Amino acid sequence: FGYAAIKPVLVQEGVYRETCTKQELRDGVWVCYEQELRLNLMFTVAAVSTNVCALPVGTVLDHYGPRIASLVGVAFLTLGSVFMAFAAELPFDGYIPGYFFLALGGPFVFISSFQLSNTFPKYSGSILALLTGAFDTSSAIFLGYRLLYQGTDGSFTPKKFFLCYLVVPVFILLAQIFLMPAQSYKTIGELVAQVEEELPSTTTNGDHRTPGRRRDRESVTSEITALLGPKKADKRVAVEEKRANQSGVYGAMHGKTALQQVLSPWFVLITLFTVVQMLRINYFVATVRTQYTELLHSHSAGVQVNEFFDVALPLGGVIAVPLIGIVLDHTSTPFALALLVGLATLIGAFGVIGEMWAAYANICVFVIYRPLYYTAVSDYSAKVFGFATFGKVYGLVICLAGLFNFTQAALDTLTHRTFGNDPVPVNIILLVTALFVGILLVGFVWRKSYTLSREKLEDEAEDAREVLMPDADEDAVEGAHQNGSA
């Protein structure tokens, strides 16, 4: 959300300053304890709302398409901007509902755009990387505003900024109406499933495939060719076959109901991984200045690290785009997940070292890891579960992770009260937990990748045995199959 960039503006504007004690005001602290908790609560509510609403976003997306989902997001973004603009003049706390509505609007627009990766299946990973990079780079908006605020000595107030920000939902509205597709693009696999639903089911005799099944397959192929045209159909089939072979787990749960997918280890493990990693990411974003103020034993050093982070976060979203595209388009899913676990472990290790070089190294790895993580989770969901249930399944993953983000308040309390403002113990707890869950996920997916690869080879071998010899009599072959099964 760019929260780390806009938080100093809110502090300077005196937001929640009334919660400070008289002693803290006399001491002239930059931000007091209760004020810090209230500001972090504002971020936590927004972070949780963003993730929890992914489930209703997915439902709207699956039932009504990306255009309607995006238009709902436009309404929330407009409400959020208005609340933030007039929060200081309202008789109640307008900052939390304002940030809440901004947080709600983002996923409706962002998740609705994932289906664009199907426009060019060969580059689906790169397209997802571009979308996630744009999402991360959006934090630069608040960074730009903070610099403008400081450059004008506070004369460009939050009210002026958020009134100008209303141009964003207006732009999205026009793009959705005049440019973007009303319905999601489908993969070849989903088109096949769609056509097969309209075909009569066939039975099999023993272990042999009947000619009826072959005719159904030919019928499906002709339907897809009619939808896409012969050249496009052949090209897209070839691209998706290559994509499936590269991934190792592509299509593992395609064709299953949403309930079957949710009850599978594929879903449970990626959800646990997402829950832990999202908590770590959001906790770090909300507390980067206070963490490094304690780790480096200097407020000015904490400010210096925070300012570097504000610039590096959006920049990392841009730099990471080609790297993410290479990883997701040219490596297997188990490798991508293993890379995530490795980078997350490295971030955890840097996060307990109280040196300036470690702070910079931590942020550099973090700003690359964050977009890679978000893109890899959505890429995993698309490849394993498919786009037919993507909205519900991916939405539920993010929703559950968002609900768990409420424990961020408990981490704040542990850090400030139990550990005397020392962030190291909490960072170690998060590091060990993330590593354990990550090893479980990578181990399961790697083993399944091997199993699916063997099953595919067996299926190809069986298909090869059923291929008719040139000029052979199909009826004779059919009779041989029937006699063999009698």
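**Close-up 1. The second largest pocket holds about 980 Å³ of space.** This is a predicted model, where local features need pLDDT of at least 70, side-chain atom pairs count only at pLDDT 80 or more, and totals for chains, interfaces and linings use all residues. Residues are numbered from 1 along each chain as its sequence is written, and side-chain values use heavy atoms, with hydrogens and water left out. A pocket here is an open set of points on a 1 Å grid over the protein atoms alone, where a 1.4 Å probe fits, with protein on both sides within 12 Å along at least five of seven lines; lining residues have an atom within 4 Å of a point. The volume is the space filled by probe spheres set on the points.

**Close-up 2. Lining of the second largest pocket.** Of its 35 lining residues, Gly106, Val109, Phe135, Ser138 and Ile172 sit closest to the centre. By type, the lining splits into 23 nonpolar, ten polar and two charged residues (Gly counts as polar; Asp, Glu, Lys and Arg as charged).

**Close-up 3. Helix H15 (residues 265–295) packs against helix H20 (residues 408–418).** Their axes, lines fitted to C-alpha atoms over the stretch in contact, lie 10 Å apart at an angle of about 55°. On the H15 side, the contact (heavy atoms within 4.5 Å) uses Leu279, Asn282, Tyr283, Ala286 and Thr287, while H20 brings Gln408, Leu411, Asp412 and Thr415. Those contact residues come out as four nonpolar, four polar and one charged.

Notes: Axes fitted to C-alpha atoms, helices over the stretch in contact; angles between N-to-C directions. Helix = DSSP H or I, 4+ residues; strand = E, 2+ residues; numbered from the N terminus.
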